[in-house]
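Dear colleague,

I am passing on the structure below, together with some notes on what came out of going through it. Please read the notes with the coordinates open beside them.

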Amino acid sequence: MTTVATFDINFTQFIDENGKPVTDDLPAIAKDVDLLKSLYHDMVQIRQLDTKAYALQRTGKMGTYPAATGQEAVGVGYGSSLTKDDVLVPYYRGQAAMIQHGVTMEEVLLYWGGDERGSDYQNAKEDFPIAVPIATQCLHAAGVAKAMKLRGEKRAVATEIGEGGTSEGDFYEAVNVAGIWNLGVVFIINNNQWAISVPSEIQTACETYAQKAIAAGVEGIQVDGNDIVAVKAAMDKAMDKARNGGGPTVIECVTLRLCDHTTADDARRYRPEGELDDGWTKEPIIRLRKYLESLGAWSEEDEAALQEKVAANVQQAVDNYLNTPADKPEAMFDYLYAELPERTLAQREEAIRRGAKK
Amino acid sequence: MPAVTLIEAVNMALAHEMEQDKDVVALGEDVGVNGGVFRATDGLQERFGADRVIDTPLAESMIAGVSIGMASQGMKPVAEIQFMGFIFPAADQIICHMARMRHRTRGRLTLPMVMRAPFGGGIHAPEHHSESTEALFAHIPGLKVVIPSNPSRAYGLMLAAIRDPDPVIFLEPKRVYRIVKHEVEDNGEEYPLGCSFVDREGTDITLISWGAMLHETNQAADQLAKEGISAEVIDVATVSPLDIDTILESVAKTGRALIVQEAPKAGSLGSEIAAEIAEKGVFNLLAPIGRVSGYDTVMPYYRLEKQYMPTVDRVLEEARRIMEYK
């Protein structure tokens with residue numbers, strides 16, 4: 001008997017839960033204080049946005065909303081590695097990365113507030129709307145990357161999926177075809193430990209989700225998803241590889257969902273005792289703050305000013321969302337096709353007539 | 001002008017558009033080197049290269065999903081699902097994404113793509129290779145579903161499908177892939193989508209059909225003519241969105257309507273056409289609307305296939321019965 005294939009999965013962490021570097025060999029971004037402050041701002045902002053959206057739902061002003069509390073370093077980290085020319089194909093809990101790539105907070109709120117106009121991104125024209133059916137987005141990302149490759153473009157695609165989503169066929173099909181065609185796409189697995197109520201031991205027999213890439217002949221790596229330096233360093237490298245013909249990468253970001261699955265969920269029904277308390281000691285925002293403080297780059301005053309500024313930004317987005325009236329009834333018809341079929345015109349007229357009475 | 005079969009006409013239209021528009025690519029299982037299991041893409045990879053005639057791995061959801069991604073970038077993928085019975089792994093992509101992208105992004109992202117699939121029975125194929133499930137997709141808003149019945153229509157409708165700014169499901173009646181030849185000039189002239197065609201004018205009864213069943217329907221019309229019954233024959237061609245006006249105008253003239261389809265009867269496209277005639281044309285009717293269809297059974301394996309498929313005799317019997325109403 002001979003061994004015909006072997007594999008390793010490497011885990012990377014640069015900044016530990018106490019905000020301390022675990023190595024002297026830090027990437028350049030770990031020393032870029034302006035960049036770190038900007039990422040910190042964005043993480044604080046997305047957490048405030050999620051908190052606000054939750055409150056809106058609880059007061060009847062918002063539909064079901066999936067917060068990403070505790071996972072801010074994943075979305076902000078990988079999202080910040082995309083250039084304007086790259087394309088983002090997000091998943092449903094992808095608001096942090098979407099905002100990094102130009103989607104506005106108001107659009108995010110509008111979308112979850114039940115309005116398709118929230119997916120008409122004004123500053124991210126090529127990005128996909130979030131995919132609600134799980135894992136389908138991975139194939140769209142591969143397709144976008146295929147188009148870029150056929151046209152010889154030096155840009156790349158990023159997509160995100162939860163660890164539960166990697167059980168779906170579309171995930172495997174996407175990583176498989178990306179490997180065969182050597183596509184410039186990065187698959188981010190946001191391993192927040194929970195697929196609604198189902199933990200990893202019921203989701204897979206693999207030690208890591210990253211190793212699912214190996215079966216497709218694709219590089220798979222694992223990073224500490226609560227360490228934004230590790231996330232961003234890995235993503236910068238993977239996107240650079242993707243843009244330059246190096247092919248796909250799967251990056252598993254290990255984090256923990258510190259909130260319910262969505263506003264419609266109650267994680268107390270399934271989450272083991274103590275997990276949250278422990279999780280809050282490892283969460284990404286405090287970690288980066290401690291690291292910034294250790295560099296002498298952050299103070300109590302900075303923090304207070306930031307919280308105030310971000311709160312104003314989020315409130316502005318909320319106000320804009322709440323002040324946006326529902327779309328006209330004919331909007332149901334006007335984007336079905338380039339040209340509405342003649343036989344549907346009468347229904348459109350009826351919807352307008354009935355809508356006017358309301 | 002070459003005389004071509006329906007499958008050759010599909011190939012001709014694909015080649016024509018690939019020649020005209022570099023954004024058009026063909027992809028699917030076995031479409032490259034092998035030219036497709038029915039040869040729809042025969043010779044195309046040699047002519048246009050492996051970048052534009054792409055052999056995919058064996059995964060239908062992937063074929064649909066990747067095509068969606070490519071189309072969102074303005075490419076015009078023409079994806080082949082090898083048999084319509086294998087389209088169901090792709091149903092999530094087709095229904096949840098392909099049909100809705102324009103709507104849910106308010107027109108920001110559109111999908112100018114075609115998904116081709118051979119469908120229907122009558123060729124002694126394995127299980128899952130013979131069903132007529134066009135109504136499943138005709139039910140989905142945002143899709144167009146097109147079924148050519150002969151080589152000329154296949155050429156013109158395929159051109160239109162590729163050029164259409166929205167996703168089109170293009171179902172090819174494989175039983176008639178090679179049954180007749182038409183003189184088809186490769187001139188790039190399309191047949192419009194969303195239009196039904198009056199194949200044969202008549203005054204006594206309107207026979208409405210699409211795809212392979214047009215052939216039985218036309219044979220029935222020939223026989224009826226010998227019996228002194230003048231049948232008008234309509235090729236529905238685009239089964240969604242339905243051109244109901246052409247059907248209603250014909251029924252207003254003849255006063256009698258008979259729908260002929262291979263699919264099971266219940267909840268079918270024939271049901272929809274009958275309902276439209278009843279809603280909008282009932283006062284023009286001299287007789288109840290008739291439907292000749294497959295039975296409401298599982299599509300039988302091929303030893304009983306002929307028992308299932310509507311025949312010329314069944315069409316004739318039903319037409320004669322309808323003609324008894326004066």
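**A helix pair across the two chains**

In helix H6(A), the residues Gly169(A), Asp170(A), Glu173(A), Ala174(A) and Val177(A) meet Ser61(B), Met62(B), Gly65(B) and Val66(B), which belong to H3(B). By class, the residues of this contact between H6(A) and H3(B) comprise 4 nonpolar, 3 polar and 2 charged. Please keep in mind throughout that the model is a predicted one.

**The contact between the chains**

Taking the chains as a whole, 33 residues of chain A are in contact with 33 residues of chain B. On the chain B side, at least two residues each are supplied by H3, by helix H4 (91-98) and by helix H5 (101-104), and the largest share, 9 residues, comes from H3(B). The side of chain B that touches chain A divides into 13 nonpolar, 13 polar and 7 charged residues.

**Chain A**

Chain A contains 13 helices and 8 strands. Its radius of gyration is 21 Å, close to the 21 Å that the globule rule gives for 358 residues, so chain A is as compact as a globular protein of that length. Along the principal axes, the C-alpha atoms of chain A fill a box of roughly 70 × 55 × 40 Å. Buried residues make up 50% of the 358 residues in chain A, and, among the contacts in this chain with a separation of 6 or more, 74% are accounted for by residues 24 or more positions apart.

The domain assignment divides chain A into domain 1 (11-327) and domain 2 (329-358), whose C-alpha centres lie 37 Å apart.

**Chain B**

Chain B is likewise divided, into domain 1 (3-183) and domain 2 (197-323), and here the C-alpha centres lie 26 Å apart. Between these two domains of chain B, 25 residues of domain 1 are in contact with 23 residues of domain 2. The elements giving two or more residues to the domain 1 side of that contact are helix H6 (134-138), strand S6 (144-146) and helix H7 (151-163) of chain B, and the residues of this side divide into 12 nonpolar, 7 polar and 6 charged.

With best regards

Key. Residues numbered from 1 in each chain as written. Chains lettered and ligands numbered in written order. Predicted model: local features only at pLDDT ≥ 70, side-chain atom pairs only at ≥ 80, totals over all residues. Helix = DSSP H or I, 4+ residues; strand = E, 2+ residues; numbered from the N terminus. Rg over C-alpha atoms; globule rule 2.2 N^0.38 Å. Buried ≥ 20, exposed ≤ 12 C-beta atoms within 10 Å, placed from the backbone. Contact = placed C-beta atoms within 7 Å. Nonpolar A, V, L, I, M, F, W, Y, C, P; charged D, E, K, R; others polar. Domains from an automatic or database assignment.
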